[in-house]
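Student: I have just opened this one and would like to go through it slowly. Could you take my questions as they come?

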Amino acid sequence: MSNDIERELDIPDGMGDAEAAIEVLRAWIADGALHVIFDPNTFAEDFAEWGRLLSEISHHIAQAAAMEGEMSQDEALAAIRDGYLNGLETWDGQRDGQIRGRTTH
């Protein structure tokens with residue numbers, strides 16, 4: 001494995017001081033394929049919360065694109081929205097996986 005694949009992102013600021021914090025999602029691209037791990041019970045009572053989470057992630061990404069000077073935040077959000085909707089409309093229904101438990105460190 002190359003060092004680029006082995007590199008993990010930093011834990012966000014403030015997690016060490018938080019009274020309660022839980023990781024809910026990780027995503028990797030390996031050999032061109034998306035691999036995700038998440039806790040499906042995080043929002044088991046309200047799946048609309050997954051949509052809210054994805055929208056907040058989108059805003060973070062758009063803000064980062066603007067901070068990096070790649071495009072405006074509005075342009076980035078429009079591109080993310082287009083990609084998201086296209087992905088929903090063209091999904092092939094082919095996913096595999098399993099429900100796994102949490103790891104305690």
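Student: Where is the place of Ser 58?

Tutor: Ser 58 sits in helix H2, where helices (H or I, at least four residues) and strands (E, at least two) are DSSP runs, numbered from the N terminus. This is a predicted model, in which local features need pLDDT of at least 70 and side-chain atom pairs count only at pLDDT 80 or more, while totals for chains, interfaces and linings use all residues. Residues are numbered from 1 along each chain as its sequence is written, and side-chain values use heavy atoms, with hydrogens and water left out.

Student: Does Ser 58 count as buried or exposed?

Tutor: Ser 58 counts as buried because its relative accessibility is 18%; buried means under 20% relative accessible area, exposed over 50%, and partly exposed in between (1.4 Å probe, protein chains only).

Student: And what is Ser 58 in contact with, leaving aside its neighbours within four places in sequence?

Tutor: With those neighbours set aside, Ser 58 is in contact with Leu 77 and Ile 80, contact meaning heavy atoms within 4.5 Å.

Student: OK, so how do the axes of H2 and H3 cross?

Tutor: The axes of H2 (residues 48-67) and H3 (residues 73-89) come within 8 Å and cross at roughly 135°. Axes here are lines fitted to C-alpha atoms, for helices over the stretch in contact, and angles run from 0 to 180 degrees between N-to-C directions. H2 and H3 are therefore oblique to each other, since angles under 35 degrees count as roughly parallel, over 145 as roughly antiparallel, 65 to 115 as roughly perpendicular and the rest as oblique.

Student: Which residues make the contact?

Tutor: On the H2 side they include Leu 54, Ser 58, His 59 and Ile 61, and on the H3 side Gln 73, Leu 77, Ile 80 and Tyr 84 are among them. Sorted by class, the contact of H2 with H3 has nine nonpolar, four polar and no charged residues; Ala, Val, Leu, Ile, Met, Phe, Trp, Tyr, Cys and Pro count as nonpolar, Asp, Glu, Lys and Arg as charged, and the others, Gly among them, as polar.

Student: Switching to strands, how many bridges join S1 to S2?

Tutor: Six bridges join S1 (residues 25-30) to S2 (residues 33-38), and the two strands run antiparallel; strands pair if DSSP finds at least two bridges between them. Arg 26 has Ile 37 of S2 as its bridge partner, and Ala 27 stands opposite Val 36 in S2.

Student: What is in the turn?

Tutor: S1 and S2 form a hairpin with two residues between them, and Asp 31 in the turn has a positive phi of about 50°. Most residues other than glycine have a negative phi. Asp 31 is exposed, because its relative accessible area is 84%.

Student: Where is Glu 23, then?

Tutor: Glu 23 lies in the loop between helix H1 (3-6) and S1, and it counts as partly exposed because its relative accessibility is 45%. Glu 23 and Phe 38 are 15 residues apart in sequence and 8.2 Å apart in space, C-alpha to C-alpha.

Student: Last one: what pattern does the chain follow along the sequence?

Tutor: Read along the sequence, the pattern is α-β-β-α-α, with three helices and two strands in the chain. Of its 105 residues, 10% count as buried.
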